[in-house]
Amino acid sequence: MTYTIGRFLLVAFAFILSAITAIIILSILGGRELASQYLAEMPDLDPLLAQFAELLAMFFFFAQLSPALTILPALLAVIIGEIARIRSYLYYILAGGLAVLAIPFLYQTSETTQFAAPSPKFMLIFAASGFISGFLYWLLAGRLTK
């Protein structure tokens, strides 16, 4: 009983920490990429305004990631890994990458008639942050057994 409660707390802590890590990586890298795309259209912009625009882009990118639905794929990957007692780092890295990579596809609303896939740079940013957060989860909780 004590082991089960301890394992649950460890899994919850590792999941929260890895999710925060993914959000930070996505916000920084995605925001910078978004800002660079906008700033490329305005080459004569004052450097101070360019820095402000980069911070603003990071904030807006973070705000786009906030829906609770985006955490479900990662939570599902952790639940499957824990129930099946998967301890492979490869599983958690790939599952983390796929879970975060699913975010842009889950974000598509029914209001849009055509599916618009994000640019390959953004897809790479999403996948990389998922790989890193999946590896972090594996380091903290995924590799440990009784």
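## Helix 4

Helix 4 consists of 13 residues, and the distance from its first C-alpha to its last is 18 Å, close to the 18 Å expected at 1.5 Å a residue. The model is a predicted one.

The buried residues of helix 4 are Tyr92, Ile93, Ala95, Gly96, Gly97, Ala99 and Val100. Their cover includes helix 1 (2-40), helix 3 (72-83), helix 5 (103-107) and helix 6.

## Helix 4 against helix 6

Two packed helices are described by the angle between their axes and the distance between the axes. For helix 4 (residues 89-101) and helix 6 (residues 120-142), the axes cross at roughly 140° and come within 7 Å. Helix 4 is therefore oblique to helix 6, since an angle has to be over 145 degrees to count as roughly antiparallel. The crossing in which helix 4 passes helix 6 is right-handed.

On the helix 4 side, the contact is made by Tyr89, Tyr92, Ile93, Leu94, Gly96, Gly97, Val100 and Leu101. On the helix 6 side, the contributing residues are Met123, Phe126, Ala127, Ser129, Gly130, Phe131, Ser133, Gly134, Phe135, Tyr137, Trp138 and Gly142. Sorted by class, this contact has 13 nonpolar and seven polar residues, with no charged residues.

## Helix 3 against helix 4

The axes of helix 3 and helix 4 are 8 Å apart, and the two helices pack at an angle of about 155°. Helix 3 and helix 4 are therefore roughly antiparallel to each other, because the cut-off for that class is over 145 degrees. Helix 3 also passes helix 4 in a right-handed crossing.

From helix 3, the residues Pro73, Ala74, Ala77, Ile80, Gly81 and Glu82 meet Tyr91, Tyr92, Ala95 and Ala99 of helix 4. The residues in this contact of helix 3 with helix 4 are eight nonpolar, one polar and one charged. Tyr92 of helix 4 takes part in the contact with helix 3 and in the contact with helix 6.

## Arginine 7

Arginine 7 is part of helix 1. With a relative accessible area of 11%, arginine 7 is buried, because buried means under 20%.

Leaving aside neighbours within four places in sequence, arginine 7 is in contact with Glu82, Arg87, Ala141, Gly142 and Leu144. Of these, leucine 144 is 137 residues from arginine 7 along the chain, while their C-alpha atoms are separated by 9.3 Å.

Conventions. Residues numbered from 1 in each chain as written. Predicted model: local features only at pLDDT ≥ 70, side-chain atom pairs only at ≥ 80, totals over all residues. Heavy atoms only, no water. Axes fitted to C-alpha atoms, helices over the stretch in contact; angles between N-to-C directions. Helix = DSSP H or I, 4+ residues; strand = E, 2+ residues; numbered from the N terminus. Parallel < 35°, antiparallel > 145°, perpendicular 65-115°, else oblique. Left-handed = near helix turned anticlockwise from the far one by under 90°. Contact = heavy atoms within 4.5 Å. Nonpolar A, V, L, I, M, F, W, Y, C, P; charged D, E, K, R; others polar. Expected span 1.5 Å × (residues − 1). Buried < 20%, exposed > 50% of the residue type's maximum accessible area, 1.4 Å probe, protein only.
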